Amino acid sequence: MNPEFFVISLLNGVSYGLLLFMLSSGLTLIFSMMGVLNFAHTSFYMLGAYFAFTISGVVGFWPALVLAPLVVFVLGAAFERYCLRRVHKFGHVPELLVTFGLSYLILEVVQLVWGRSTVPYGLPEQLQGPLFSLYGTQFPKSRSFVMLVAMLMLVSVWLLLTRTRIGLVIQAALKYPDMVEALGHNVPRVFMLVFGGGAALAGLAGVIGGNTYVTEPAMAGSVGSIIFVVVVVGGMGSLAGAFLASLLIGLVQTFAVALDYSLIHVFKAVGVAVTDQTFGYPLLKLTISQVAPILPYLFLVLILIFRPKGLLGTRED
Amino acid sequence: MKFAIKAVAASVILASAGGAFAQKGETVKIAWLDPLSGLMAAVGTNQLKSFQFIAEEFNKKNSAGVKFEIIGIDNKLSPQETTSALRSAMDQGARYVVQGNGSGPALAIMDALEKHNARNPGKEVLFLNYAAVDPDLTNSKCSYWHFRLDADTSMKMEALTTYMKDLPEVKKVYLINQNYSHGHQVSKFAKEMMQRKRPDVQFVGDDLHPLAQVRDFSPYIAKIKQSGADSVITGNWGSDLALLIKAANDAGLNNVNFYTYYGSVTGSPTAMGPAAAGRVYMVAYAHMNLPGELNKIVVDYKKKFNDDMYTGAVYHAFTMLSEGFTKAKSTDPVKVAAAFEGMKFKSFNGEVEMRKTDHQLQQGLFISKWEKAGGKFPIDSENTGYTFVPLKYYEPYVASTPTSCQMKRP
């Protein structure tokens, strides 16, 4: 691995990790605040991308960057207010199921409205093209923009939660809802805002991820599993943990692609010859690069075995 | 104009009345079993629409005078679901089945039909495979009831390597494919055939990645760049091709050419856009700007659905069925299967022949390149303003590959 490849891969890994963080932060937030594991989270991501596509066609990309997450916020809040709140009293499983159902509903609606094919959602002129060139490989502005927005988002969410009155109320409502209610705060409304806010964060990720990658109906399903990995590995409900886990997974996946080593090399190193007659040859010949995209799931299993609360998680249950 | 159509219709009716064929006026039900949900839903939906649209066109006039009716059933891209979808299609009276996405479901249909047709004489069902390209389907696993209208992986690679061998700039080739049977075969045939034609070409990479799992292809692009490759051969389709090319565009990998199988399939044209112009090649039996009857279909389809009609094999299917019915003077699959064997007909890519030994259509192949649409090639892909412009046409014998099929005939 030469330095050129190392630096490029580092940048790729970090920018992919930051997109994962944008995606999973809302899920983490909702889970830590309300204890609801939102299965429809990536559907809000998809909605963000599609809304941004439609809105940017009318008023341009920059207003869409603000408007699309706002629309998703309203939808998320409305879902909490009129649906999730009603099933809340029946416990966790119905809550989970209703979000699961919502994800199917959103998928069908998206296919009805925008069709099943890819939509041509592109970035504005200012964000196209390379930002800088390293050893002849360009680093696109779009990816830098993802990194910038993710960092801004992290900082503002953190400031909101720790430095403002609203943040104070949100945090208190999480731990002592009765006390907060007795003090005259509207706790159900706080929950509604938190759910909407989490959905809006996913929507924002969609606005940016939708054109960095491809906007199509399968986009929600394809990132669905990976963000659960991020949330579990980072520690259920820990924003900092999600941040750490996203970067880690982004980097692991990126660098693993470069490693063309398999178990055969390991056996060779200890002096055991492996041929295609050896038992389990198809498994032995798999290289690390071939399994790179599924490494996060291996990571997930290992974390669940050795540190069930996740890297920075605090919940023991 | 209206008068002209009427006149043509009248003369067609008169001409066919003279023949007094047994099948005239019959309705032929064709079951379409492909994905309408999940990862490949966009591709499946497009192809179902293609079948329905072209069926309407053929219902206006076809040499056999039959009416086609399409029954579309979602097989969820799974061999298991395909078998039950096939059962339901046969219950609805379909005696012709078409399928194309994935060789797994294709094999499931072939297995099921072998048994069904042996046990139910008089109720045989025929299978027209319009896109499943695993060479095994017409070699070790060939079946009398299966007819393939697409060119298989080995045929396409034969044409592609024949084109690439004359390019002096091709020195270092990188293979990146999906880690399942199709990807393995593209990689295998690329190495074998290139070795034979250009032993000096080096293979500097052979990556296999999980199917539809990779969101970010930039690590692979960094790897391709590091390897010093000048060409990439890939059999990727769907989002795996779209994201690969998009990542290459983003990284400014503009001194590497991509040789693809499925550049025109839903999603990829949008992802390629202007940035990939002149750098992406495709091997296929068709392109968007073919002349003749297909041209009208492509234009009308785009007008009606605002989508591309890229599966030319659908046209093959209806032409072959119509001519097969005429030749057999019947729509009975047993008689039609016999008529199909060795049948030659004229299609959009020259004269094609359904080879008797393995039921693989022998057809001409095009090598085309992603360029700005216009001039002689005005029809673009996915409204991008760009299209695959044909560079070279190979006659059927060039791309033809031998078969090892030992067919059991009833």
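Predicted model: local features only at pLDDT ≥ 70, side-chain atom pairs only at ≥ 80, totals over all residues.
**A walk through chains B and A**

Chain B is built from 13 helices and 15 strands. If you draw a box around the C-alpha atoms of chain B along the principal axes, the box comes to roughly 65 × 50 × 40 Å.

Now look at what is covered and what is open. Of the 410 residues in chain B, 62% count as buried. As for charge, chain B carries 47 positive and 40 negative side chains, and 3 Å separates the centres of the two sets.

Helix H11 of chain B takes in residues 313-328, which makes 16 residues. From first C-alpha to last, H11 of chain B reaches 22 Å, close to the 22 Å expected at 1.5 Å a residue. Is this helix mostly covered or mostly open? H11(B) is mostly covered, with 13 of its 16 residues buried. When you look along a helix, remember that an α-helix has 3.6 residues a turn, so residues three or four places apart point the same way. Just after H11(B) comes B:Lys329, where phi is positive, at about 55 degrees.

Let us move on to chain A. Here you will find 14 helices and two strands. A compact globule of 317 residues would have a radius of gyration near 20 Å, and the 21 Å of chain A agrees with that. The C-alpha atoms of chain A fill a box of roughly 75 × 50 × 40 Å along the principal axes.

Which share of chain A is buried? Of its 317 residues, 50% count as buried. Among the contacts in chain A with a separation of 6 or more, 77% are between residues 24 or more positions apart. Chain A exposes about 14,900 Å², and 71% of this comes from carbon and sulfur atoms. Its charged side chains number 16 positive and 12 negative, and the centres of these two sets lie 7 Å apart.

Conventions
Residues numbered from 1 in each chain as written. Chains lettered and ligands numbered in written order. Heavy atoms only, no water. Helix = DSSP H or I, 4+ residues; strand = E, 2+ residues; numbered from the N terminus. Buried < 20%, exposed > 50% of the residue type's maximum accessible area, 1.4 Å probe, protein only. Lys, Arg positive; Asp, Glu negative; His and termini not counted. Charge placed at Lys NZ, Arg CZ, Asp CG, Glu CD. Expected span 1.5 Å × (residues − 1). Rg over C-alpha atoms; globule rule 2.2 N^0.38 Å. Contact = heavy atoms within 4.5 Å. Areas by Shrake-Rupley, 256 points an atom, 1.4 Å probe, with all protein chains shown as cover.
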